[in-house]
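Open the model in a viewer and keep the sequence panel beside it. The stops below say what to select next and what is there.

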Amino acid sequence: MDHPGYVGGEFLGGVPPEYLESGAARRDFGRFAMWDLPACEISQGRIHSRACDNLISCASILAVFQELEQEQAETAVMAAFTCAEEVGLLGSVYLARGGAVPPDVRVLSLETSAERPPAQMGHGVVVRVGDRTSIFDPRLTSELASSAAESGVQYQRCLMSGGTCEATAYQLYGYRVAGLCVPLGNYHNCAPNHQIGAEYVDMGDVLSMVHLCNAIVRHKPRQRPWKKLKAALELRLNEALTHRF
């Protein structure tokens, strides 16, 4: 499953038991079932759906390719759509472990993630420092923030600890990874008062993720002077140790 739902009458997905007892109507799709919620509705600048997580990222990837095609951009980029995320990131693990993704490729994971402070819906795409399990590559994270600032894309930089995403799976197999996400409301359809409701995201946040991906692909961001920064830190450390001892 890539989103909480029922397979053969068995519920799969991270939802507290009290929500399953709400009596929410289900819709049968053959071999699986989901709650009977709108497939997609746009209202007051927000996208509402029974499964924003993680279809929003899939749509964003397609939008990036569409923009690049319309602009006739000359660049190199590839995308991978993986499945079985909810039951163990199986799709991304298969690609990483099998070597289908070249080892020198820098992996950027696109996600929706439960809105948690300091991240705020409507404040732009989140440059994701890490997830619940790991911290992502600091240089790539810095490059994402630099690209956003240089391109005028609204963004926020946060650790999104609501769950574990594909970036961690790739990182465990030695890839350099970074992450972007948009804050998500009613995560896993868990609405207030233990009710089942449609997930939702802010349209502006989604567009900022698309625009930032476009900027990353088209332009090489200005990197921080890491060697100078490292030398300065080592100098400070030596001074501190000398003074102490």
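Select β10, residues 177-184: 8 of its 8 residues are buried, where buried means under 20% relative accessible area, exposed over 50% and partly exposed in between, with a 1.4 Å probe and protein chains only. Helices (H or I, at least four residues) and strands (E, at least two) are DSSP runs numbered from the N terminus. This is a predicted model, in which local features need pLDDT of at least 70 and side-chain atom pairs count only at pLDDT 80 or more, while totals for chains, interfaces and linings use all residues. Residues are numbered from 1 along each chain as its sequence is written, and side-chain values use heavy atoms, with hydrogens and water left out.

Strand β7 (residues 107-114) runs parallel to β10 and is joined to it by 8 bridges. Within this pair, Glu111 has Cys181 as its bridge partner. Strand β8 runs antiparallel to β10, with 3 bridges between them. Here Val126 stands opposite Cys181.

Next, select Ile56, Leu180, Val201, Met209 and Leu212. These touch the most other members of the largest nonpolar core, which has 24 residues. A nonpolar core is a set of buried Ala, Val, Leu, Ile, Met, Phe, Trp, Tyr and Cys residues joined through side-chain atoms within 4.5 Å. Elements that each supply at least two residues of this core are α2 (52-70), β8 (125-128), α4 (138-151), β10 (177-184) and α6 (203-218). The largest share, 6 residues, comes from α6. Another core, of 10 residues, lies apart from this one and includes Ala96, Val101, Cys165 and Tyr175.

Return to Ile56 and show its contacts, meaning heavy atoms within 4.5 Å. Beyond four places in sequence, Ile56 touches Ile47, Thr112, Val182, Val201 and Val206.

Move to His188, in the loop between β10 and β11 (190-191). Is His188 buried or exposed? It counts as buried because its relative accessible area is 3%. Its phi is near 55°, a positive value in a residue other than glycine. Leaving out residues up to four places away in sequence, His188 touches His3, Pro4, Gly14, Val15, Trp35, Asp53, Glu86 and Glu199.

From that list, pick Asp53: a cis peptide bond joins Asp53 and Asn54, with omega about 10°. Asn54 lies in helix α2. Another cis peptide bond runs from Pro117 to Pro118, with omega near 10°. Pro118 sits in the loop between β7 and β8.

Gln72, in the loop between α2 and α3, is not a glycine but has a positive phi of about 50°. Its relative accessibility is 68%, so Gln72 counts as exposed.

Ser92 lies in helix α3 (residues 90-98) and is buried, with a relative accessible area of 1%. Outside four places in sequence, Ser92 is in contact with Thr82, Glu166, Ala169 and Tyr170. Gln171 is in helix α5 (residues 166-172) and counts as partly exposed at 24% relative accessibility. Gln171 and Phe136 are 35 residues apart in sequence, with their C-alpha atoms 7.8 Å apart in space.

Finish with Phe32 in strand β4 (residues 32-35). At 33% relative accessibility, Phe32 counts as partly exposed.

Methods. Two strands pair if DSSP finds at least two bridges between them.
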